[in-house]
Amino acid sequence: GALLVSERIDREELCGALSPCSLSFEIVVENPLELYSGAVEIQDINDNDPVFPSSQARLEISESVATGARFPLESAQDPDVGINSLQTYQLSANPHFALDVQTRVDGSKYAELVLEKELDREEQRELHLVLTALDGGSPPRSAHVQIHIDVVDANDNAPVFNQSTYKTRVRENTPSGTLVARISAYDLDDGPNGDIVYSFSSHTPAKVRELFALDSATGELRVKGQLDYEETKLYEIYLQAKDKGAVPGVAHCKVLVEVIDVNDNAPEVTVTSVYSPVPEDASPGTVVALLSVTDLDSHDNGLILVQVSDVNDNAPKSSQDSYDVYVLENNVPGIPILNVSATDPDLGRNALLSYTLLQGDPTVGHIFSINRENGTLYLLISLDHEDQVEFSMMVQVQDGGSPPLATNVSVSVFVTDLNDNAPTVLYPHPNTNASYTDVVAPGSPAGHMVTKVVAVDADAGYNAWISYTLLQATDPSLFSVGLHSGEIFTARQLREDDAPQHTLVILLKDHGEPVLSASATVSISVAEMVKEVLTDLTDVAPASDPRKHVTFYLILAVILVSAAFFITMLSVGIFKCYKWRQSKELFNSSRSTLYRTPGPFHHIDAVRGGLTPPNFYHQVYLTTDSRQSDLLCKKPFTSSPLGSRQSTMRNGEPGLYHQIVGTASRLPTPAE
């Protein structure tokens, strides 16, 4: 069992700069079968001297260089490691320069001259120094190099790098010629003194020069040799920039190149022992062979991977359970309005998602469409807020597994309003040949409401807020209109010299953007008596109506009925008492309000007539069609046992209806 050295061991030949240097082996013991691993560490001895690349070095330094300037020197190489490697440098005594020894990332040493006292070419044109490299052996080994320094006239500006340290990463299998980094320096001088030449610093190791190439004109650092992560993981490259002046200015920078490992080494399987033959009665668990697997790569590249097959055990998951989408009406058909997003942690086909619209509402399929692959929801038609405000649908997200798993997502689409509808005038109705005349009594005071313009806007919210302004009028000083109510009032008291007929043009505007508008024309008559009003109503009746003379006969009938009122009172007393109660309710209702909102037929609830003497007044009820009117007249009568008399005439014709009511609660006094 003794382990012997079979030949002379040279640590530098076996391991180079690697430390520690070890050789591994395995020992197999049979009967019983056992495996032992071992390693022999090769220890270094100080059997190599430091060596400089050359026995002499020459530097040109301008006399104008300020104190503190640094000048890198060529490094010595010592193949020994640890304490036996190069440890320090020494510089011969001189009044101008000191030596600063620096340590690289890999632990190697390099030296820089530091100017401590300014140079004077007129006093001393050149200097001779000796640089000594020492290792840490006992006794130490050394090497020497002669440094010759020429002091020359100044080049005012030295090149300056835009950064002192560059960091980059490159894969170990990067082909030759690949750009690694681009260094850049500038020089404020003109002509040759400003032209920059890039080069490796003098203490750059020869191995680095073999692996990397530097373009002297552009400063591009490229791969030259074959990089190997298993050999070196980080390169520290020192570069310099010189101008072309008589005394060139020099700037220095450092490039750190990190080598990235690639999986360029196949696993090695070693059969260390095979137990053969195997007895037929060998029990389960009997060792048949010993195997070892190694991989020179690092991290994940050095693992042995076991693939796990996927099972469709995860349903698609949406980023949110429901979506609310707001779309402006009058949209362009075919636009995308939503992207339903979902994920599936499974792999392959089990994670392949498809999107479909569930057809709960058949109209949804004609209005919306969804892309099966990416979940983009499209709007196929132009929507109208006035037709439908909201759409609800369900999107199903299904994977491609077997069996497939699915998730439903709720989508609500809200149609927001645009100001695309102008105000619509309901009264006076604009789409008819009939002319509507409203009546105001002479002498009506200021603030008396005459009529009201009624309009609606099919839009919603602020877009449907209507304002009313007086655009034109026969007498602009006589009437005013409510800004938001549309009610027309007298602006001042009516005078006798005012015109009997007035035409007003009312401008209706909504508050949308852009503003939409409409107009309404209102005709107002100044009338003293019911006869005048009825005459006006007859005048504005359509010429094509064959019943245009009916109004005249109805007026005549009113007069006859009034004259025969006392005669017919007793015969129809009971019936008229019932009608009197009904007319009283109608009268009280008419006094409670001047205007009621138009119903489906857009009628005028009340238009007041003029003032007559205190014991006589008229009250006229009209619809928007002057052929369909209710006329109510009241006047005092002589005393009656019942204290109240009433006469009513109805015309069977559906186009017109008159009612005359007379009431006297007491006898008029002589003053009346």
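**Strands, pocket and disulfide**

Me: Which residue is the bridge partner of Phe-479 in β36?

Reply: Thr-490 is the bridge partner of Phe-479. Keep in mind that this is a predicted model.

Me: How many bridges do β35 and β36 pair over, and is the sense parallel or antiparallel?

Reply: Three bridges, antiparallel. β36 covers residues 487–490.

Me: What is the strand order in the open sheet with β36?

Reply: The order is β32-β36-β35, three strands with antiparallel pairing. The edge strands are β32 (449–452) and β35 (479–481), and each pairs on one side only. Neighbouring strands of this sheet are turned by 25 degrees against each other on average, direction ignored.

Me: And what order does the open sheet with β27 have?

Reply: That one runs β23-β27-β26. It is an open sheet of three strands, paired antiparallel. Its edge strands are β23 (335–339) and β26 (368–370), each pairing on one side only. The twist averages 30 degrees from one strand to the next.

Me: How many bridges between β23 and β27?

Reply: Four, in the antiparallel sense. Strand β27 spans residues 376–379. As for a specific pair, Ile-335 stands opposite Leu-379 in β27.

Me: Remind me, what do strands of a sheet pair through?

Reply: Backbone hydrogen bonds, with the strands either parallel or antiparallel.

Me: How do β31 and β38 run, parallel or antiparallel?

Reply: Parallel, with four bridges joining them. β31 is residues 437–440. Asp-438 stands opposite Ile-524 in β38.

Me: What about β37 and β38?

Reply: Those run antiparallel, joined by nine bridges. β37 is residues 501–509. Gln-501 has Ser-525 in β38 as its bridge partner.

Me: How many residues line it, and which lie nearest its centre?

Reply: The largest pocket is lined by 40 residues. Ala-17, Gln-77, Asp-106, Ser-108 and Pro-205 lie nearest its centre.

Me: Which elements give two or more residues to that lining?

Reply: α2 (206–211) and β17 (234–243). The largest share comes from α2, with four residues.

Me: What does the lining look like by class: nonpolar, polar, charged?

Reply: The lining has 16 nonpolar residues, twelve polar and twelve charged.

Me: Back to β17. How many of its ten residues are buried?

Reply: Eight of the ten, so β17 is largely enclosed by the rest of the structure.

Me: How many bridges do β14 and β17 pair over?

Reply: Five, in the antiparallel sense. β14 is residues 196–200. Within that pairing, Ser-199 stands opposite Gln-240 in β17.

Me: And β17 with β18?

Reply: Nine bridges, antiparallel as well. β18 covers residues 250–260. The two strands form a hairpin with six residues between them.

Me: Which residue in β18 is the bridge partner of Leu-239?

Reply: Cys-253.

Me: Is Cys-253 buried or exposed?

Reply: Buried, because its relative accessibility is 3%. The cut-off for buried is under 20%.

Me: Cysteines, then. How many disulfides does the count come to?

Reply: One disulfide. Cys-15 and Cys-21 form it, with their sulfur atoms 1.8 Å apart.

Me: Is the disulfide of Cys-15 and Cys-21 right-handed or left-handed, and why?

Reply: Right-handed, because the torsion about the S-S bond is about 60 degrees.

Me: Are Cys-15 and Cys-21 buried or exposed?

Reply: Cys-15 is buried, and Cys-21 is buried too.

Me: Last one. Where is Arg-125 found?

Reply: Arg-125 sits in the loop between β7 (109–115) and β8 (126–135).

Me: Is Arg-125 buried or exposed?

Reply: Exposed, with a relative accessible area of 53%. The cut-off for exposed is over 50%.

Me: What separation do the C-alpha atoms of Arg-125 and Asp-150 have?

Reply: 6.2 Å. Along the chain, Arg-125 and Asp-150 are 25 residues apart.

Definitions and conventions. Residues are numbered from 1 along each chain as its sequence is written. This is a predicted model: local features need pLDDT of at least 70, side-chain atom pairs count only at pLDDT 80 or more; totals for chains, interfaces and linings use all residues. Side-chain values use heavy atoms; hydrogens and water are left out. On a 1 Å grid over the protein atoms alone, a cavity is a set of points where a 1.4 Å probe fits but cannot get out, and a pocket is an open set with protein on both sides within 12 Å along at least five of seven lines; lining residues have an atom within 4 Å of a point. Ala, Val, Leu, Ile, Met, Phe, Trp, Tyr, Cys and Pro count as nonpolar, Asp, Glu, Lys and Arg as charged, and the others, Gly among them, as polar. Two strands pair if DSSP finds at least two bridges between them. Axes are lines fitted to C-alpha atoms, for helices over the stretch in contact, and angles run from 0 to 180 degrees between N-to-C directions. A disulfide is a pair of cysteine sulfur atoms within 2.5 Å. Buried means under 20% relative accessible area, exposed over 50%, partly exposed in between (1.4 Å probe, protein chains only).
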